[in-house]
Each structure stands twice: as C-alpha cells, then as structure tokens.
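I opened my notebook to look around a protein chain, one stop at a time. Come along and check each entry against the picture.

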Amino acid sequence: MSAPAQFEAILARLQAKTPALWLNDRLGQPLPATAPSTALILDAEARMARCAPLLAELFPELNDTGGKIESALMPATPLKTAISRDGAADASAWFLKRDDALPVAGSIKARGGFHEVLAVAEQIALARGVISPDDDRRQLNTPRARAVFAQYTVAVGSTGNLGLSIGVMAAALGFDTVVHMSAEAKTWKKDRLRKRGVRVVEHVGDYAEAVAAGRAQAVALPHSHFVDDERSDLLFFGYAASARHLAVQLKEAGRPVDAQHPLFVYLPCGVGGAPGGITYGLKALFGEHVHCVFAEPVASPCMLVQLASHSDSPVTVYDIGLDNKTDADGLAVGEASHLVAPLMASQLSGVFTVSDAELFLHLRLLRSSLGVLVEPSAAAGIGGPRWMCDSPEGQAYVRRHALDMNHATHVIWSTGGSLVPPEELKAFHDHADELAQRGESALQTS
C-alpha cells in the first residue's frame, strides 16, 4: 500500500476518534544524514554520572541512589494475566518501567530536564571560571557558583511535567527560573513550582502557544536559556541515556534481547522528545531486536499524523479535524517535534491511539493488578501488548518480522504520577470506577 493510501486508510478512524494501530512502513530505512551522533548518548551518560554526587547533595530524595536518576523495572505478570487474552500461558514477560516514581520530579521528564539544566550549568561555570573540566561537580552548589547562575534565566514552555523538572533543577542551582504554561495546566503543578521560587507565567491557548510565547520572551532577555521541548538535543539525549540502565535491568531479570527474544517497549507520546530519545537510545543498543511503539490520545495523535502523512512539512492534529482535547494533559500536543519526527520515521515501529475512557480504565487495571497509582497519561501504553499480539495489524507486523512472541519481553513505560496530590488521584480512580460500572471496555483492539 502506498504512503498516501496507507494514510487514507487510517484517516477515517483518526477523525472518528476510534482507537487504532498505525504501523510504520519506513521502519529500518537509513536515518537522515542530519541525524545527531549516537556518541552524544555517551556524553549524556557521562554527564549524569559525574553530576550524581551534586544531585545527591541538592536533593535528599536521591541519597539512596547516590544521585542517579533511575527507576525500577517492575515485573507485571498480574497485569499480563488481567489484560492478555492468553493470560500467563506463554513465556513472554511483561514489565512496568516506573518513571512515575522517579524521585524529585516524579516523572520521565526528570531524565531530559535535569540533563539539560546540568549541561547549561556546566557550560556557564566553565566559561566563567567557576570550575575546571575535571573538578567535582559539587562545586556547582557553592555560593560562588550560585551568584553566577543568578545572573542567568532558564525558561521553558510546558504543560506541566517538563516544567516541574526544569523548574526544580534550575531553581535548586540558583538560576532565575521561568515556566510558561497554558492556563489549563494543573493548578497543583503551578503551585508546586511557585513554592520552589519559580516564576510561572500562564498563557491562554494550548501547549504550542505557551511554548511559542515562552520562546519569544526568552530570546528577548540577556543571558537567557530556553529549554525547547520541540527541538532540544540536550533533552533528547538525556532521555536516550536511560536505555543503558534498562538494558542492565533486563539482563538482571534474565530477559535477553535478540532474534529469538524480541523486546517491545510502549511509550506515551506528547510532543515526542522523551519517547523519541528513549527509542533512539534503545535502537542504538539493540537495533532491529527492539520494537518501540508510541501511545497517543485519540484527540492528539500528533506523531502518528506527522509520520503517516509522509510529509516533510508540519502536519497537525487540527489539520485532520481533531481538537487536541484530552484528560491526558501531558499528551495534549497538536504538532510533533520537528527534531524527533524525522528520526522516528525510520526507527519507530508504530503508534496506537487510546481514548480517555481507556486511560482511566487502565488506571484501574494498574491499581487492581499491581497496586500502582499513576496519572492518566502514564497509563497510555498499557494497551500496547494487546495491539501488537491480538489485533490484525499487530499480527501482520509479527509475521512480517518473523517474531517469536511467546518469548517476547514487553516493557510498558509509566511516565508520571507520584507527585499528584492524593485528592486528584482519588478523583481519577473514582472516575475510572464509574466507567467500569457503566460497562466501558478498556481493551479496544479491533
């Protein structure tokens, strides 16, 4: 099927907000000539390692990990039993990657956000003579360093979780910190930032408008660094650096990744920086043996639309008549990252979409099977194994790549939720219980 025909075939389902699976016909093609070097992943890994003692000093929550930003890989057999048609009959293994419980920032955004702020702090400190290249990075938390950082502004546009990670990290080092957010962003996230001494600027409109306004204001300021979720290499490689630790965790769990043991990773996708970076890092390690699949809300499938259209120009969800309105606020993005989409065109296996009802019912499944409480957007990937194993599209993908699904490993990336106030978590689960009582189905793969 040609690219235009493939897009037309799924367009009606997208416009009707019917959950769907799109598979990437360009998977395996060469990366664009402009693709950043994978050596930058090693740079990010090295930066986070040398800054770990600094992070442990700044944040007591990181003492147990020695300042490392890492999350557990939680066995998820009870979730598999609850959701898989085959139950526990085969030898495949399911895991939940617990970025929802990352210390300090409470979400996947800590990976990229902390890395970018630390990179900027190092650059400034080296240029101003505060540190030498081989110095202990705890020198970035001295009165001299903080006096220098106070002369600089770090700004970001965010729906919430990226703003939290950038705001917390930059404020801890003493930067003048500004987070630009849409007016609809969660009040508790804005309040948490303000308590850290961060200036929160609210904008009427969606995520893209908040980012654009923040970018314009930052450019006009002297000594200002704008963290651009849509275009930042530093964010991207901060996420990519997580791949190596996942590889270690899989080895410790006795799960090889090779031709006989494929790895499937399911990642919630907003603008695309975090899932794109993780995919880039995993493909660098495992190549064709890892299959990364993004999950997007039915109202906001920006990466799917961009990739399926095969267009070199930006294509938004608004262009196909969608409204970008979803309860998964962290995934409410109308246009995919201009940095990430061209890279994913040859690396991403596919994208599936989820309704808001599915998100809430998946929250309920996580609670009942694993005792895990997350925010709605963090539950987006839970339906991934069903799509790849049980849907006609997924089964065709498996046949085409000659994959042994009986020995596959499925990693569902849970992206945020540990900082959500208890009353908001309760509201999420009350709503999920109401949907379940009405007989809604969380397992739509046809």
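Below are my entries, from the whole chain down to single residues.

**Ground rules**

I am looking at a predicted model, where local features need pLDDT of at least 70 and side-chain atom pairs count only at pLDDT 80 or more, while totals for chains, interfaces and linings use all residues. I count residues from 1 along each chain as its sequence is written, and side-chain values use heavy atoms, with hydrogens and water left out.

**Entry 1: the whole chain**

I began with the outline: the C-alpha atoms fill a box of roughly 60 × 45 × 45 Å along the principal axes. Then I looked up the radius of gyration, which is taken over C-alpha atoms and compared with a globule rule of 2.2 Å times the number of residues to the power 0.38. A compact globule of 446 residues would have a value near 22 Å, and this chain has 21 Å, so the two agree.

I found 18 helices and 11 strands. Both are DSSP runs numbered from the N terminus: helices are H or I with at least four residues, strands are E with at least two.

Next I looked up burial, where buried means under 20% relative accessible area, exposed over 50%, and partly exposed in between (1.4 Å probe, protein chains only). Of the 446 residues, 60% count as buried. The chain exposes about 16,700 Å², and carbon and sulfur atoms supply 52% of that; the areas come from the Shrake-Rupley method with a 1.4 Å probe, and for residues only the protein chains shown count as cover.

**Entry 2: two domains**

I noted domain 1 (3–38 + 70–104 + 240–438) and domain 2 (48–62 + 108–233); such bounds come from an automatic or database domain assignment. Their centres, taken over C-alpha atoms, are separated by 27 Å.

**Entry 3: the cores**

A nonpolar core is a set of buried Ala, Val, Leu, Ile, Met, Phe, Trp, Tyr and Cys residues joined through side-chain atoms within 4.5 Å. The largest one here has 146 residues, and Phe59, Phe114, Leu173 and Phe175 have the most contacts inside it. Helix H7 (residues 161–173) gives this core its largest share, 9 residues. Domain 1 and domain 2 each supply at least three residues to this core. I also found a second, separate core of 5 residues, including Val178 and Phe226.

I zoomed in on leucine 173: beyond its neighbours within four places in sequence, its contacts include Leu54, Val117, Leu140 and Phe149.

**Entry 4: arginine 255**

Is arginine 255 buried or exposed? At 16% relative accessibility, arginine 255 counts as buried. I found arginine 255 in the loop between helix H11 (242–252) and strand E8 (263–268). Its side chain reaches the backbone oxygen of histidine 407 at 3.4 Å. That is a polar contact: a pair of N or O atoms within 3.5 Å; within protein, one must be able to donate a hydrogen and the other to accept it, and residues adjacent in sequence count only if both atoms are side-chain atoms.

**Entry 5: serine 391**

Serine 391 lies in the loop between helix H16 (384–390) and helix H17 (392–400), and at 0% relative accessibility serine 391 counts as buried. Which backbone oxygen does its side chain reach? I found that of tryptophan 387, at 2.5 Å. A polar atom of the serine 391 side chain also lies 2.9 Å from the backbone nitrogen of glycine 394.

**Entry 6: helix H10**

In helix H10 (residues 233–240), 6 of the 8 residues are buried, among them Phe236, Phe237 and Tyr239. At the start of H10, a side-chain oxygen of serine 232 comes to within 3.3 Å of the backbone nitrogen of leucine 234.

**Entry 7: two positive phi angles**

Lysine 17 is not a glycine, yet its phi is positive, near 55°. Lysine 17 is partly exposed, with a relative accessible area of 33%. Asparagine 324 has a positive phi too, about 60°, but asparagine 324 counts as buried at 7% relative accessibility.

Note on methods:
Contact means heavy atoms within 4.5 Å.
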